[in-house]
Amino acid sequence: MEKDELLKRVLMMQRLQGMETEPVSAEDPYASMEKDQLISMIHFLVKREDERAQENQDLKDMVKELRDTHKQDVRTQASLLKTQSNLMASVDNLTRQVADLTTENKSLQKQVRDLLSQISVGNKVRFGSTSLKGTKKKVAPVQDRTKNKDDFDGTNGAAMSSASQDDNMPADAEPSEQPQKSYEYRKGLKYQTMYADNRIVHESDVNLLPEGATIIKSVFESTYEQVSYIVQHDYEMIIYKDKDGVMRKGYFPKAEEPKTIDRIPGTHASCSLLANLVFNKYHMNTPVYREMVRLLNNKMNVSRNTVYNWFVKGSEYLKKVLPVLKGKLLAKDSVVHCDETWSRVKIAGKYRKKYIWGMVNEEAKIAIYFYDDGSRGRKVLRDFLGNNKIAALQSDGFNVYMYLDNELIDVDHLCCLAHARAKFKYALEQGKDEEAEYFLKLIGILYELEEEYRLRHLTPEQIRQERQGAKTAKIVQQLRQRLDILLADTGGMRGDLMQKALNYLKSFWDQLFLYLKDGRYNIDNSLAERMLRPMTIERKNSLGFGSHAGVEVSVIYHTFIETCKMCGVSTLEYFKEFFKAIMQGRTDYENLLPMTIGIKK
């Protein structure tokens, strides 16, 4: 209403202003109209005004109705927004519940996998057998598989040659041995050589076969799955006060719980975890930073320094076994091989060249590394040998070993013929000296004879007799004659490489051919050189050690790894069994060696 009044006043003011500028004529427009006409016009104007008033009222009612409708719509919209907000809150709540259920489901699935893994470990099956017919074994004739091994050339005919001869035997003949049966369906097939520690059998449901199907036979197809995860075991420790008032702490397991805490003393690692870490680091030559990635992928967060401390702690327990192992290595009348290799060790902030020694006893199947602050002097070797009465020491031509000849009384010192051969090879390939080919040919014949002795499985005494026979003596004599002729020819045109090869052969002649004295001696020192190869690989992988202590830890682990290799024992299984024995408090170290701890080969 206020707006309408204001509008009327504005129009009135505009009209007055117009009348001031343009005066209205004083003539009355209704003067000529009659009274009836004026009354009719007034009624018409009044009626028209009433109609306009009614229209205005209708418009006002319509506006009011629209305003009421708008207010109702606003209230409805607010109610809808509130309902929507409540629905969103409900959805969020349901989402959280689903997430919680999903997490719980994953936890339950992990528990199920753990239980299945424990069941599979408990239900181990025999290795290499695929038969499911029963446990009763058939008695089969004992066969010598190595008897005709040299006649096998890889073909099926060669593999079945003995069986074919038995099949062609006359019916009335009486064979001295039971004939071997020939299975046609096995010809050309190989034995199964791939198997796993745990085995789970998944059987088929014959009820699902198509209607009318006839079963011929059933076979099993194998697949292999790797399961890798780390389990955290929390042992409840009870802190209590005994009757004397002394505070104590102990683990008191329930009937179904482990009786002891599976943990290496001084660490948080179980026996299997530390054994796997040592196996990956020192046997598989996996750098520690890669091992940390593997642990993180297995959901275990541990620092690199902690892992290094575990390595140190494990090496301290292994170090206690070294005296027993060394005693077997340097037993009386033993034949040992020795060599050394270099490595980079950080000292006073700089990397310096230091040396690691290695000694191996092939007969005892023992290899030991030792390190004395990186020294290469003869004192290191003399201190290691001590007063042990070994029979022979084989090495290369390094002067440290030669100086020991005056100290190692009644000990045969052998040199490596492979080193002499290598010098003649360099003279031929690099120096282009044709005279070297003669020496390479004769030395090659000596190696062929050694390989023949090995294939014939001769005993040391038989090897000694063969070496001291006329055939070997003739070759050695030809080598000496040729050597003397060339050394006497001072005016000959030969290169420095050939001259060095001749001088080396002359200087170490007695040590090079001392292997002919005993069948236990080797023609070269390749056994010790192969032993040092893992240290060379670690040197290339790690590029150096951070301290002398790091080298000591490495040589201890490599000692037992190489000994396990020579004994044919699983390195991983040995470390597991050893750490388990240490955890149990055992100190009978003579029974904790790779060959005495009780691991089946």
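Helices (H or I, at least four residues) and strands (E, at least two) are DSSP runs, numbered from the N terminus. Leucine 209, for instance, sits in the loop between helix H4 (161–167) and strand S1 (237–241). What we have here is a predicted model, in which local features need pLDDT of at least 70 and side-chain atom pairs count only at pLDDT 80 or more, while totals for chains, interfaces and linings use all residues. Residues are numbered from 1 along each chain as its sequence is written, and side-chain values use heavy atoms, with hydrogens and water left out.

First, the whole chain. The protein chain has 20 helices and seven strands. Of its 601 residues, 28% are buried; buried means under 20% relative accessible area, exposed means over 50%, and partly exposed is in between, using a 1.4 Å probe and protein chains only. The accessible surface is about 42700 Å², and carbon and sulfur atoms hold 52% of that. Such areas come from the Shrake-Rupley method with a 1.4 Å probe, and for residues only the protein chains shown count as cover. Among contacts with a separation of 6 or more, 63% are between residues 24 or more positions apart, where contact means heavy atoms within 4.5 Å.

Now to strands S4 and S5. Strand S4 covers residues 350–361 and runs antiparallel to S5, with five bridges joining them. Two strands pair if DSSP finds at least two bridges between them. Valine 360 stands opposite alanine 367 in S5. The hairpin has four residues between the strands, and lysine 365 there takes a positive phi near 60°.

Is strand S5, residues 366–370, mostly covered or mostly open? It is mostly covered, with five of its five residues buried. Ile366, Ile368 and Phe370 point one way, Ala367 and Tyr369 the other.

Asparagine 361 belongs to strand S4. Its relative accessibility is 2%, so asparagine 361 counts as buried. A polar atom of its side chain lies 3.0 Å from the backbone oxygen of leucine 329. A polar contact is a pair of N or O atoms within 3.5 Å; within protein, one must be able to donate a hydrogen and the other to accept it, and residues adjacent in sequence count only if both atoms are side-chain atoms. Leaving out residues up to four places away in sequence, asparagine 361 touches several residues, including Ser334, Ile366 and Met566.

Which residue lies 202 residues from asparagine 361 in sequence and 9.7 Å from it, C-alpha to C-alpha? That is threonine 563, in helix H19 (residues 548–567). Threonine 563 is buried because its relative accessibility is 0%. Beyond its neighbours within four places in sequence, threonine 563 is in contact with residues including Lys365, Ile366 and Ala367.

Next, aspartate 262. This residue is in the loop between strand S2 (247–251) and helix H5 (271–283). At 33% relative accessibility, aspartate 262 is partly exposed. Its side chain reaches the backbone nitrogen of cysteine 271 at 3.3 Å. Serine 272 is 10 residues along the chain from aspartate 262, and their C-alpha atoms are separated by 9.1 Å. Not counting residues up to four places away in sequence, aspartate 262 touches Tyr235, Ala269, Ser270, Cys271 and Met583.

Last, back to leucine 209. With 41% relative accessibility, leucine 209 counts as partly exposed.
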